[in-house]
Amino acid sequence: MGHGARRRLAELLDQEEQRGDFSTRFELSAHALRIQVDGVGELPLPVRAPVAKKLIAQARQARFGRGEQTLSDTRVRDTWEITPDRVTLGGPDWDRTLSGVLDGVRHALGLPPTTALRAEPHALLVYGKGQFFLPHQDSEKDDSMVGTLVVSLPSHHSGGELVVEHAGRSVTHRASREQLTFVAFYADCRHEVRPVTAGYRVTLTMNLLAERVRPADGNDGGPVADLAHRLTEHFAQPAEQRYGYGRPETTPPNRLVYLLDHEYSRRGLDWDRLKGADATRAARLRQAAGQAGCEAVLALAEVKETWDAVPPYDRYDYYGETEHFDECEDDECEGECRLDPDGEPGAERRRTGDFSDYELGDLIDDEITLGWWTRPDATGGEQISLPVPYAEVCATTENKDLTPYQSEYEGYMGNYGNTLDRWYRRAAVVLWPRQRSFAARAEAGSEQALRELQGHLDAGELHRARTLAQSLAPFWKHQGSGEAAAPLFAAALRVAVGLRDADTAAMLLAPFGVETLAEEHAPDLAAAAAQYGWRWARNTVSTWFGPVGARTGADRTAWLASLPGLCAALRTSDGDGDAVAAPLAEGAWQATRQQLTGWLDVGREAERRAGMERLGAPLAHVLQAADGGTADTIATALRGLPDTVLECLLPVLRTAARRPATARNGTHAARAFQALADHCETVLTTSVARPVRAADDWSLAPAGACRSGCDLCPDLDAFLNSRTRRVMEWPLAQARRRHVHSRIDLAGLPVSHTTRRQGRPYTLVLTKTDAVFTREQATRDRAEADLVWLRKNWPRTPR
Ligand SMILES: O=C(O)CCC(=O)C(=O)O
Ligand SMILES: [Fe+2]
């Protein structure tokens, strides 16, 4: 079975002697180093307090990097820093000592002998009493940076331990008082400096850079032939199903994805700079690939696992009552277990993301997606998107033995819940049989593969290009959306035009989200429409409005802002740009209309208003992108919606009014905007003319019967409707109370609802609040202000 081959591969790569450590330490005589600092002179070792103070006088508060920023925050990092240009390292033996240390580090960390390490001074740090550096990961400042070397100068101090962790293991390094202490660790290790409790701690931090010194020889004596044999077996046997049921898979797996142990950045992902055990394992796999007729690349994977998990605290239900409460017979229990002080259980835990004390049960699901890989010719890498099926995954270290970069707990939700999601970033060696090379890369959405197709087209090999393109059909499914997918889309579009085959062209373009489309694509889009006709264009455009964008989290609002520009560019392109622009504007309108009608139904006013407001700018952009006919249709449809739509129309008009009058006047959109403004004016005029609510009128619109047709809703409505009743006391069991709570919340009524915890069942107390009046007044005030704004900015056109 495939499983056997994969398991054997994982075992073969798990040989003890290959394992390097993530951190290592050496101590050497202080005589080896002579260190000079500008403004201080040569430092006598061990460093004593007067010298440390002189150093501090020359130093600045150290900063740290977060994302792209460099920050200074003494709650995160509190230490003094002197830049390396002011530090001179020397001494008769220093170069030889350092190179010996680097050789030892290379060996201890498990880097191959074909790699040489170099250390580049980064900073001289001085920690006084109470100073520290919280857990962090060093940024890789250079492509070839693999780790950090910390040289602690001898000094009499306590505290200030350097704690380094990786994959759930941690080591604590204490610096020597008499000797030089060298600590090295890989760049993906989190580490911290504990507060110094007495004396001064002085360190020199250095970036560890890896360079290749000589090419790897053919075989380093490892089990390469055996590995090659297993690879052949893996690619020859039917892919294994995760669960035994269903039809057995009859085709072999497409790839093998072997997960490595360390984390890498895109820039740092390189065969010559793999860390620890990864280096040897990857090198062996690569050699085995060569022997087995496979191609191998390095990739970055995003792994998500879902575990059944039990939290170490009691859970509360939505209204802050423990789930067992109503059934609880125990009178002693009165009041104790129910209310979380914040009303939100587990909030602290969610904030810190620390779920390490949760008990893991079964693994419910795992998903692995490759998002980046190196090109087979080793000329850099490219972004891809490739979900990896179970039958292709192989690893020596399981995910759960690594530290997730994020965790999220979902409490019990009815059908699901009590699950802990964990996300990991892992690197992988990805292999496939050489003869499947094109499909293997194309399936991942590799631009490189499309370039290969384009190459055939450019060389006049139309038939070859069509055959290869058609071979993509089974898996060319979700190529992404948004700016990131734009280059791939551009490549697919050019190929689609060149193929002169409507169906294959449609297949190539279908798996993109509409958010991918940008002005730069206009000429090729217009050319495609001219070649394949308007019906083809309309169908193709409609596929782009599918779920791809939603799945990839593409930013629809930002894209709509660019739509007027895109449509204008289409209309002026050679070919038939109109055939694309028209369905684009219509599709954008339909999608926006769907969202709009969704918001119209929301009862809670503040929430609805915010949602409608957010649709204002996008809708204005759709109108600006539309041609005359479509703009009119949209305006007519909008005027036909309930008056609440004004919560969106006013923001539409505000967005439109921000454009200069010259750009507004005379356009198709201008007529539609004016029609909408006139409509708003009519509605608002009528609404402010309505009489004000009488001071003793407490009547509210009914919340409406629920779908289950219960006996509670009519009673609730009678209370709401009444002009005079303000309070209703309602003894109800928990489930029934909950129903009423949710009806009131859903409709966003100005009624408070609390539970009086006395007697059995408890009493639900409903009270109409002053919001009955204040809300209506606020609406009226807003309408008046809107009317003033409208008459000034969109004066009615004389008829
Ligand atoms: O002072 C040390 O031991 C380490 C400092 C550190 O982690 C850093 O500079 O990034
Ligand atoms: Fe650090």
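Me: Which residue in β9 stands opposite Gln-36?

Reply: Gln-36 stands opposite Thr-88 in β9. The model is a predicted one, in which local features need pLDDT of at least 70, side-chain atom pairs count only at pLDDT 80 or more, and totals for chains, interfaces and linings use all residues. Residues are numbered from 1 along each chain as its sequence is written, and chains are lettered from A and ligands numbered from 1 in the order in which they are written.

Me: What makes a stretch a helix or a strand?

Reply: Both are DSSP runs numbered from the N terminus: helices are H or I with at least four residues, strands are E with at least two. By that count the protein chain has 24 helices and 29 strands.

Me: Why are β7 and β15 said to stand at the edges of their sheet?

Reply: The open sheet of five strands has the order β7-β11-β17-β14-β15, with antiparallel pairing. β7 (77-78) and β15 (169-173) each have a single partner strand, so one side of each is left without a neighbour in the sheet. For β15, strand β14 (residues 162-166) is joined to it by five antiparallel bridges, and Leu-162 has His-173 as its bridge partner.

Me: Why is Gln-470 called partly exposed?

Reply: A residue is buried if 20 or more other C-beta atoms, placed from the backbone, lie within 10 Å of its own, exposed if 12 or fewer, and partly exposed in between. Gln-470 has 16 such atoms within 10 Å, and is therefore partly exposed. This residue is found in helix α9 (residues 462-470). Its C-alpha atom is separated by 9.4 Å from that of Ala-505, 35 residues apart along the chain. Of the 799 residues in the protein chain, 38% are buried.

Me: What makes α10 roughly antiparallel to α11?

Reply: Helix α10 (residues 486-499) and helix α11 (residues 502-509) pack at an angle of about 175°, with their axes 8 Å apart. Angles under 35 degrees count as roughly parallel, over 145 as roughly antiparallel, 65 to 115 as roughly perpendicular and the rest as oblique. The angle therefore makes α10 roughly antiparallel to α11. Axes are lines fitted to C-alpha atoms, for helices over the stretch in contact, and angles run from 0 to 180 degrees between N-to-C directions.

Me: Which residues meet where α10 and α11 pack?

Reply: Ala-492, Leu-493, Val-495, Ala-496 and Leu-499 in α10 meet Thr-504, Ala-505, Leu-508 and Leu-509 in α11. Residues are in contact if their C-beta atoms, placed from the backbone, lie within 7 Å.

Me: Which elements cover the buried residues of α12?

Reply: They include α10, α11, α13 (534-544), α15 (556-571) and α16 (578-600). Among the buried residues of helix α12 (residues 522-532) are Leu-525 and Tyr-532. The helix is followed by Gly-533, whose phi is positive, near 95°.

Conventions. Pairing = 2+ DSSP bridges. Contact = placed C-beta atoms within 7 Å.
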